[in-house]
Every structure is written in C-alpha cells, then in structure tokens.
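Have the viewer ready and follow along.

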Amino acid sequence: MKKQLLILLSFCSAGTLLAQNIQNNPTSNHGNKFEALGTILPTPNEYRTASGAPGPKYWQQRCDYDITCSLDEDKQWLTGSETITYSNNSPNELTYLWLQLDENEHSSRNNANYQDGSSMQRLVSDAMLERAARAHEPNDYGDSITKITDALGKPLRHTINKTMMRVELPTVLKPGQKFVFKIDWNYHISDRMKTGGRGGYEYFPEDGNYIFTMTQWYPRLCVYSDFQGWQNNQFTSRGEFALTFGNFKVSMNVPADHIIGATGECQNYQTVLSPTQFGRWQKAQTTKEPLEIVTLAEAKASEAKKNKARKTWVFKADNVRDFAWGSARKFVMDAMPAYVEGKKVMCMSYYGKEAYPLYRRFSTKAVAHTIKTYSHFTIPFPYPVAQSVEAANGMEYPMICFNYGRCEKDGTYSEATKYGMLGVVIHEVGHNFFPMIINSDERQWTWMDEGLNSFVEYLTEERWDNKFPVRGKGPGWAIVDYMKLPKDQLEPIMTNSENIVNFGPNAYSKPATALNILRETVMGRELFDYAFKEYARRWAFKHPTPADLFRTMNDASAENLDWFWRGWFYGIDPVDLSLDSVKHLVADFDHAPAKIDSTVMKNIDKPFPTGKFPTDISKERNRMDTSIVFTADADTSLHDFYWKYTRGQIPYDTTKYALHVTQYDEPMDEATKQQVQSKQYYELQFSNKGGLVMPIIIEWTYTDGTKEVERIPAQVWRKNENHLTKVFVKDKEVKSIRLDPNRETADIDETNNSWPVVQTESKFEVFKSKQLGPRAIPQANNPMQLTGKDKKAF
C-alpha cells in the first residue's frame, strides 16, 4: 500500500472576511448575475435573428428629398420647398405619414413642453438668465407650413402636434408602393448663442457678419420600423434623432460672397467659386497637405465688403439619413484627399479668422485621421466627402459636422483648447459611423450613438497621439467619480434619453468606458475588435437596436457576455472588489506546525500613491504595438509647443516611473517532496462589495523585487457572486498583493485592494502632487506666460 503524502498547512492571516452579504435574490447567492438576459431582450424573429444579424425578411423604409431654399441674411429667415418621395418597404399598409418639425423646439406655441425643475442656483450665466426670462414670452419661431400637396397639387390634410406633423394619405399606401408629395415652409432662424439648440446663427458684432448652421431645418420623415412602428416621440432638444435613409438634392440660394459646406458633393463649384478658387479646388484633389481653396485674405475681404448679389449652391448626397449645411462669408475653406482602402475621400474644413491658427494646422488632418481610424475599427468610410466646420459648438450630420476651437485675439491657444478642439473634431466626424451609417435610434437610446462613438473616439485619439489627454472616458479609472455617486443619482445606461439625469456620464462616458474595459480587460483586443467590426458590418445602413449589438458581440466571439451587459448596461452597481484576507501556507512533511515567517508581514517599502495619475493600459499597449503609427509623431507639422513639452523637448520637472516587467519562472516538477516544499501557497479571500462582477486582476510583488500580473475571468464569481476564496501556488515568496494595479476595472474603492494595507494620500497630498506633477510648467517655459510673438513660435 502506497504511503499517502500528508501536507499540513500552517496559516499566516492578515485582514478579516467581509460580513456583508448583499444578494439580488434573497434565496440565493448565485444564479443571478450570470443568467442569460432571456426575456429582457426582444424575441428573435424573421426580421432580427437570435445571432444579432438582420433576418431574412428585414426591411426598412426609404425617403428621397429634392429641396430648394433661400436664406435671407438680413431678416435671418429661411424659406423652402421640398418634394418628398416615400417608399413603403414594410409589409404593412399605411394611411398616414409622420414628419418631424424640429424647429418647433424654439416655438412658444408648438414646442414639446417637456419641463424640468429649476432653481435660482442653477441659473449661473447671463445667457441662462436671459433664456429663462424669455421662456414664456410669445415668439415667431418654429416651422410655418404654408402648403402641403400631392404630386398633382391636390392639398393634403395634416395635423401639427408640437414637434410632429401627421400627413393623411389620400389612399392607402400598400407594401411596395411610393407616395410623392410637396411641402412649402419657412421659419425665423434663431440666435443659437442665446436660445440654444443645435442650429441657427451666430452674430459677430465686431464685423457685422453671421455664421449660419442650418440643421434640423426642413420637415423630414420619422422612422417607421419593424420593432416600434412610428418613432414619433416629441423632440424636447435632449434625445436626438431617428431618420430614414434616402437620396438628397438640395439647392441653397444665399448671398454671393457666402461659402457653403454641406452634406454631400457640390455640383457647381465652377459656378459659385471664382476661377482662381476653382483652380485651387482642382489642385487640392492630389495635394498631400491641406490646401486653402478660399484663403484667409479672401475671407477677410468678403467680411468687409458684404456682397448683396445672390448665388445658388447645389449639393447631392446619396444614401444618407439627413442633410445639413453651414453658410458664411467668414469662411476660409481648405481641403486635401485621404484614402480609405484605395478610395479617395475629400477631407475639408471651414473656419473663420477667429479659429484660423488651430483649424488651419489641425482640422483637416484630424478629419482624415478620424475617417481612416474609424474605418479600421468598423467599416470602410463609404462617402466621398468628410467636413469639419468651426461654429463654436459640437454637432454631427452626414459628411459634415460643426465644432468648436477658437484662439485668443493674438492667435495663441491653450493646451486645453487645442485638445478640446481635436477631441470634438474627432468625436463629431466619428459620428459619420455612429449613427449616420450604423443608424440607431437616438431618440430612444442616446448611448447607442454617443457611447459607441465616444469609445471609438477614444481609440482614435490614442492613435493620434499616445499622450492625448484622457477626458472622462476610456480607461476604467476615468469613470470612477460617477460610479461612486449615491444610487439615487444613477440610472442604467439603457434609460430613455429624456429621463437621464447625469446625461454626459450616462450616455457618453460610462458606455464608452464599459466597451474599453470589455476590449482591454474582459475579451482582449483581437476577439473584441472582430466582433465589434462584425456588428458595424451587419448593421451599416440599417436600424440596429441594443439587442442586435449585444447578440452580435456574443455570437461573433463565442463569449457569453450577458453578465457584462446585465451589469454595465441594465444595472447601476459599481465595481468594488475587496481583498479581505491573505493566508500564507507552507508544506510541513514532519507533521509539525510550520514557523511563521515574519517577513510577509512587513510593510510595503514604497506604497503606490493612489491619488496620483495612473498608468493607462491602452496607452501602454499602443506604445508596445509596433504596427501603430501615431499621427502626431509621424507628421512633424503637428509638433506644436504642447507636443514638444510632453516629450521633454522643452525643459520641465517631472517624476519618472519605471516600466515594470513581469518575470515568470519555469514550471517546476512537483513529484518530489523537496519540490513541493519549495512552493508557496496563498489563500486569498475576496468580496464583491459593489455588486458588479468583474475579472480579478492581481499584481503579485515578490520578495526578490519581481512582479507578476495574474488575470482571473469574471466567471469565477458565477457560483457565489458575493464572496470568493481561492488558493494560488507560487514559486517565490510574496511580499505584497494589489488588485487592479492599472485601475482598469473602474473599482471605486482602492483602499481595500492591497495587502498589506496601503495608506491612501490625503486630499491635500493629492492636490499638492497634481500642482507639482509632471504637467506643471515652470513659468519661464509656460506659453501662457510668454508674449504673443513667442507663443506663436511654438
């Protein structure tokens, strides 16, 4: 009979188990968070499959527009007429159509009248006070519908309900049929700097000129879909848009010295531009640097003269869901081509003298970088044009967007303005993909366009410059402050757009961060990128829902991610994984109590200062990936003061952090007694204090100074969602343990992540470290302390 090997374990304990035992289901400590979403998601059908793909009988409507309009700059008035061809591709008979009258958001009579509470404390600016004072005053804003007829001129009955208009059809529109009708309309253009909103005008009193941003400007069809019928929820100015794909031909009559940027391709540049400008446009087709079509000198001359003649610009755009345009005599216009999988895309920018130093240098190159990077992560950009317009705001439309980023009077700009401008250009240009192509319902699910777009924006910013400052989305630690809020101040990501309290974090930051965690920490880049690309491919030029995204990500990766969608998108629990106790176990073959080695109880020599700026796991991996070429590194024309400063090319004081290299020992043969005795056994006890299950990331620091990072998938919690005990076998003695060392998981409490316990810096110490940290610029080298001439030199 073989003698059985008996190992007695003696324990060295630190910490205590958490007594709290919070459960979703009072009768069970498991079987909740890892259950399938099941009936939470809509039942698959022949239109939308269980795999997340469009079904064999998927359908969507189509709507084509032929629009003519005239802009009266002096009266700030727009008059238009449109012919609409609506195609009923559904299996249903229709007796009426719903159209959106978005300009009614400014009307004192026909606005949606969704009111919120208010307080004097929140009226913090002159503009807000003025807006509040005018809120209940009668005005002449909103759409004036002067005529609606069929193709033969016969009047159609219609009813306006706030921001929606129902047009009654003279006969039933059967499946497969088309209906053509015409609408004449006009409206008073609002001063968006005073009344708010996404479109309108901005007036420049110093030179008496305007920038017009014409958005949501024409009556347009609502979406009629398989999953909800008509999407005719009122436009409250919060939840954005659900729109139908179609072709557009638009003619815009404006002052002759105005320059127009619009959705689609201009059909008559040779008529509306001067011969010299048209020659530049032709040259720009092959240039490798942005070329000014309309120069700064020409724009300034137009500002001074104010031509009273008129010109008509004609644009066409195919297979788009909307059309927007900007018009001003202030605009400089530049262009250069970019190539996506061999296809030329003209990248263009429009901006006034107020933004010239920033936009001339960065805008068009940022447009090109964005469409190429988004194409890498989704689908190839399908349109022939992508444009950025500086208009002191941030809003997106097919092939055109309106952004911010103006300089000081002397032409200088701060680092915050530079990166704010780049961030908004990347974000708004990125919206060409979400939702302009992957055409989700913004009115219902803001996060499906803003959250997904913010996620790919983060990836795109990282590839522009690996030192691009993070602004509230991407790495897990960026969302911690929001996740820490009391639960009565939180709502699930899936909350309807109109009902969200913390709109920015909920619709933008949290979903973007969740997807980055899914990519970097849960799935890994290869699996995630393939599945995310498949979602974009499946739903390009279609109308996806959240279920289609969730199911596709599962289907294309062979990962059951229902626990992740349930926790991050349907729940409000935060991440707070706690390391409650550590027991050091050693083998004793002599049946005698092992001696406790006091060295394991020593304090960590240099505790991690939890208040300081952490490592960004995405930046580190991007830096190590030799296939990534950062745009701002490769293009020396983008090397301004701040690029040089962050790389130490301009002297500054900073703290240097060593790169920790993980060291692994060769596996050891456990067959002999001596080898078994050489192993170090550690029993760790964890608790899930926050409620949101996540992978456990453990950084082991050994007594010889080496480190190892071990990753345990979230499924380790599936049999007990609250508590976990797990034994780890190590070849070396452990000195300290830390959970989530790179702050990847958005853990809201780092004080319970370490053993031995690490003291957290006081608020004063954190403040002091930020003031004296690596980005503090000595006054002699601070561009904001230099003269305007010196600053421009950078």
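## An aromatic cluster

Let's start with the rings. This is a predicted model, and in it F34, W447, F550, W563, F564, W565, W568, F569 and Y570 form one aromatic cluster. Zoom out to the whole structure and a search turns up 52 aromatic pairs.

Take F34 and W563 as a worked case. Their ring centres sit 6.0 Å apart with 35 degrees between the planes, so this pair is tilted. Stacked would need planes under 30 degrees apart, and edge-to-face over 60. The two residues come from distant parts of the chain: F34 is in the loop between β2 (13-14) and β3 (62-72), while W563 belongs to helix α13 (residues 562-569), 529 residues away. Are these two buried or exposed? F34 has 17% relative accessibility, so it counts as buried, and W563 is buried too, with a relative accessible area of 4%.

Next up are Y58 and W539, an edge-to-face pair with centres 5.7 Å apart and planes at 85 degrees. Y58 is in the loop between β2 and β3 and W539 is in helix α11 (residues 525-539), so the pair ties together parts that are 481 residues apart in sequence. Both Y58 and W539 are buried.

## Charges over rings

R220 lies over the face of F241, 4.6 Å from the ring centre. K330 does likewise with F204, at 4.2 Å from the ring centre.

For another lysine, look at K178, which lies in strand β9 (residues 178-188). Its relative accessible area is 61%, so K178 is exposed. Setting aside neighbours within four places in sequence, K178 is in contact with T85, Y86, S87 and L173. As for R62, 116 residues away along the chain, its C-alpha atom is 9.4 Å from that of K178.

## A six-stranded sheet

Now for some strands. Six of them make an open sheet, in the order β18-β21-β22-β23-β25-β24, with mixed pairing. Which strands stand at the edges? They are β18 (291-294) and β24 (395-397); each has a single partner strand, so one side of each has no neighbour in the sheet. From one strand to the next, the twist averages 20 degrees.

At the β18 end, the pairing with strand β21 (residues 332-340) is antiparallel and runs over three bridges. As background, strands of a sheet pair through backbone hydrogen bonds, either parallel or antiparallel.

## Helices on the sheet

Helix α4 (residues 275-284) lies across β18, β21 and β22 (343-351), running at about 150 degrees to β18. Helix α7 (residues 415-430) packs on the sheet as well, touching β23 (385-390), β24 and β25 (400-403). The direction of α7 makes about 150 degrees with that of β25.

## The nonpolar core

Finally, the inside. The largest nonpolar core has 193 residues, and W217, Y269, W325 and W568 have the most contacts inside it. Which helix gives the most to this core? That's helix α6 (residues 356-377), with nine residues.

Definitions and conventions
Residues are numbered from 1 along each chain as its sequence is written. This is a predicted model: local features need pLDDT of at least 70, side-chain atom pairs count only at pLDDT 80 or more; totals for chains, interfaces and linings use all residues. Side-chain values use heavy atoms; hydrogens and water are left out. Rings of Phe, Tyr and Trp (its six-membered ring) pair if their centres lie within 6.5 Å; planes under 30 degrees apart count as stacked, over 60 as edge-to-face and the rest as tilted. Helices (H or I, at least four residues) and strands (E, at least two) are DSSP runs, numbered from the N terminus. Buried means under 20% relative accessible area, exposed over 50%, partly exposed in between (1.4 Å probe, protein chains only). A charge sits over a ring if NZ of Lys or CZ of Arg is within 6 Å of the ring centre and within 35 degrees of the ring normal. Contact means heavy atoms within 4.5 Å. Two strands pair if DSSP finds at least two bridges between them. Axes are lines fitted to C-alpha atoms, for helices over the stretch in contact, and angles run from 0 to 180 degrees between N-to-C directions. A nonpolar core is a set of buried Ala, Val, Leu, Ile, Met, Phe, Trp, Tyr and Cys residues joined through side-chain atoms within 4.5 Å.
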